[in-house]
Amino acid sequence: KQQILIQGRSEATLYHDPLGDTTTSLSADMQTSGAPGAALDALVSLRADLRRKAVPLLPGGSTNRATAGVLLTRLAEGGRLDRGPLAVGVRLQHSARARIGRRAPPAASQLAAMLGRGKPVPAG
């Protein structure tokens, strides 16, 4: 069976300070597959995240990290970005490390909230 599969990813990170305590990451992902000669559907995802270490108002002291991000994903039908279902998501995440006892290794905890909205795909 003949099939074409193409995948690609690009990512850029911007450091807002010399120590890397605050960073912004932008990424784009693309996947497509199908038979040669046929119109290929493509899955395209765009993501932006803002990360901050040692957020003063959150628990965990200097080991905490907060992340806020947004994600857009579209199934481009026939390779056209103006057609197909679209999903939008937002993510808020807090991570912290703490020791339980003097000799215990650090234990990590994470709390994340995600909210998404997508357009349903018709059956058939």
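**Notes on an all-strand model**

1. Let's start with one leucine: L72 counts as partly exposed, at 37% relative accessibility. On that scale, buried is under 20% relative accessible area, exposed is over 50%, and partly exposed lies in between (1.4 Å probe, protein chains only). L72 sits in strand 4, and we'll meet L72 again in point 5 as part of a surface patch.

2. Some ground rules before you click around. This is a predicted model, where local features need pLDDT of at least 70 and side-chain atom pairs count only at pLDDT 80 or more, while totals for chains, interfaces and linings use all residues. Residues are numbered from 1 along each chain as its sequence is written, and side-chain values use heavy atoms, with hydrogens and water left out.

3. How many helices and strands are there? The protein has zero helices and six strands, so read as DSSP runs numbered from the N terminus (helices: H or I, at least four residues; strands: E, at least two). Going along from the N terminus, you get β-β-β-β-β-β. Of the 124 residues, 19% are buried. As for contacts (heavy atoms within 4.5 Å), take those between residues at least 6 apart in sequence: 42% of them join residues at least 24 apart. The protein's accessible surface is about 9200 Å², and 59% of that belongs to carbon and sulfur atoms; these areas come from the Shrake-Rupley method with a 1.4 Å probe, and for residues only the protein chains shown count as cover.

4. Now look at the start of the chain. Strand 1 (residues 4–15) pairs with strand 2 (residues 22–34) in the antiparallel sense, over twelve bridges; two strands pair if DSSP finds at least two bridges between them. To get your bearings, find R9, which stands opposite D29 in strand 2. Six residues lie between the strands of this hairpin, and G20 takes a positive phi near 75° there. A salt bridge here is a side-chain nitrogen of Lys or Arg within 4 Å of a carboxyl oxygen of Asp or Glu. Are these two partners buried or partly exposed? E11 is partly exposed at 44%, and R9 is partly exposed at 48%.

5. Back to L72. A nonpolar patch on the surface is formed by L46, V70, L72, L86, V88, V90 and L92, with about 530 Å² of accessible area together. Strand 4 (65–76) and strand 5 (86–98) are the elements that give two or more residues to this patch. Strand 5 has the largest share, with four residues.

6. Next, a buried threonine. T23 is found in strand 2 and has a relative accessible area of 9%, so T23 counts as buried. What does T23 touch, not counting residues up to four places away in sequence? The list is T13, L14, Y15, H16, D49, L50 and R51.

7. D49 lies in strand 3 (residues 41–53) and is buried, at 3% relative accessible area. The C-alpha atoms of D49 and T24 are separated by 5.6 Å, although the two residues are 25 apart along the chain. Leaving out residues up to four places away in sequence, D49 touches T23, T24, S25, T67, A68, G69, V70 and R91.

8. Finally, charges. Side chains of opposite charge can pair when their charged atoms come close. Searching the whole structure gives six salt bridges. One of them links D49 to R51 (3.7 Å, N to O), and R51 is partly exposed at 32%. D49 also makes a salt bridge with R91, with the closest N and O atoms 3.2 Å apart. Because D49 lies in strand 3 and R91 in strand 5, this pair ties together parts that are 42 residues apart in sequence. R91 itself is partly exposed, at 24% relative accessibility. Salt bridges that share partners join R47, D49, R51 and R91 into one network. The side chains of D49 and R47 make a polar contact too, at 3.0 Å. That term means a pair of N or O atoms within 3.5 Å; within protein, one must be able to donate a hydrogen and the other to accept it, and residues adjacent in sequence count only if both atoms are side-chain atoms.

Notes. Patch = residues over 30% accessible without salt bridge, like charges linked within 9 Å, V, L, I, M, F, W, Y side chains within 5 Å.
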